[in-house]
Amino acid sequence: MKRILLTIAIMAITISALCAYCLANTAKLDKGAFILVYTKKTLSTDTLQEGDRVYFISPADVWVNETNIIPKNTIFTGYVSMLKMPIKGVNAAIKFKITHLTLPNGETRELNGYISNGKSDIIGGEMTPPASYNKMTHLYQSRWHWSGTTQWVPSGEYEYGQHRGVKPGQNLFVVLENPYIVIE
């Protein structure tokens, strides 16, 4: 009986020491963390299709405490997850999904995230300006008499949308959808 209790105690001490070692050598980026990246070539709705592979590069190291969790020049690989072509009244829109990263030493790791321009994960998709304006009179009553003013208002016709995308060197962000954990 003493042997069994001694064996269980030794196993518990060994497991707790191993867990403490792993926790001490673990670095974690939480869900929602932003990682600065850029692209080396233009990515546009004019040239890409849904599902096309895209690549982004990190221009600086990402540190968590004293651990370099993502080194400079790490390549983030993903694909075009949504593409809307331009139509009358709305510019084109594009969205990128990130699936994994490749470290400078060649090691590849899984990563779940998307590209954001700092405002939205969809690049483009805004309304176009009006194609023409109509002159409209607005009447109002002052204290002693009726008066009016003329104002230009949109006619309801809008210009045809333009293609949108990202340019080389433009600051973008990978936003993590799951925590990214590195154990050294």
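How many helices and strands are there in the protein? In this predicted model, the protein has one helix and 15 strands.

**Overview. The chain as a whole, before the close-up views.** Of the 184 residues of the protein, 29% count as buried.

**View 1. The largest pocket and the residues that line it.** The space in the largest pocket comes to about 150 Å³. Its lining is made up of Thr39, Lys40, Lys41, Leu43, Leu48, Arg53, Val54, Tyr55, Phe56, Ile57 and Ile75. Strand E4, which covers residues 53-57, gives the largest share of this lining, with five residues. Sorted by class, the lining of the largest pocket holds seven nonpolar residues, one polar residue and three charged residues.

**View 2. The hairpin of strands E11 and E12.** Strand E11 (residues 133-141) pairs with strand E12 (residues 146-154) in the antiparallel sense, and nine bridges are found between the two strands. Four residues lie between E11 and E12, which together form a hairpin. Within this pairing, asparagine 134 stands opposite valine 153 in E12.

**View 3. The aromatic pair of phenylalanine 34 and phenylalanine 173.** The count of aromatic pairs comes to two. In the pair shown here, the ring centres of phenylalanine 34 and phenylalanine 173 are 5.5 Å apart and the ring planes stand at 70 degrees, so the pair is edge-to-face, a term used for planes over 60 degrees apart. Because phenylalanine 34 belongs to strand E2 (residues 34-37) and phenylalanine 173 to strand E14 (residues 172-176), the pair ties together parts that are 139 residues apart in sequence. Phenylalanine 173 has a relative accessible area of 25% and is therefore partly exposed.

**View 4. The aromatic pair of phenylalanine 56 and phenylalanine 96.** Here the rings of phenylalanine 56 and phenylalanine 96 have centres 5.6 Å apart and planes at 70 degrees, so this pair is edge-to-face. Distant parts of the chain are linked by the pair, since phenylalanine 56 lies in strand E4 and phenylalanine 96 in strand E8 (residues 93-102), 40 residues apart. Phenylalanine 56, with a relative accessibility of 0%, counts as buried, and phenylalanine 96, with a relative accessibility of 1%, counts as buried as well. Phenylalanine 56 is also one of the residues lining the largest pocket of View 1.

**View 5. Threonine 47 and glycine 165.** Threonine 47 is placed in the loop between strand E3 (43-44) and E4. Its relative accessibility is 58%, so threonine 47 counts as exposed. Although threonine 47 and glycine 165 are 118 residues apart in sequence, their C-alpha atoms are 9.6 Å apart in space.

**View 6. Two asparagines with positive phi.** Asparagine 65 is located in the loop between strand E5 (62-64) and strand E6 (67-70), and its phi is near 55 degrees, a positive value in a residue other than glycine. With a relative accessible area of 76%, asparagine 65 is exposed. Asparagine 73, found in the loop between E6 and strand E7 (75-84), has a positive phi of about 70 degrees although it is not a glycine. The relative accessible area of asparagine 73 is 44%, so this residue is partly exposed.

Key: Residues are numbered from 1 along each chain as its sequence is written. This is a predicted model: local features need pLDDT of at least 70, side-chain atom pairs count only at pLDDT 80 or more; totals for chains, interfaces and linings use all residues. Side-chain values use heavy atoms; hydrogens and water are left out. On a 1 Å grid over the protein atoms alone, a cavity is a set of points where a 1.4 Å probe fits but cannot get out, and a pocket is an open set with protein on both sides within 12 Å along at least five of seven lines; lining residues have an atom within 4 Å of a point. Grid points are joined across faces, edges and corners, and a volume is the space filled by probe spheres set on the points. Ala, Val, Leu, Ile, Met, Phe, Trp, Tyr, Cys and Pro count as nonpolar, Asp, Glu, Lys and Arg as charged, and the others, Gly among them, as polar. Two strands pair if DSSP finds at least two bridges between them. Rings of Phe, Tyr and Trp (its six-membered ring) pair if their centres lie within 6.5 Å; planes under 30 degrees apart count as stacked, over 60 as edge-to-face and the rest as tilted. Buried means under 20% relative accessible area, exposed over 50%, partly exposed in between (1.4 Å probe, protein chains only).
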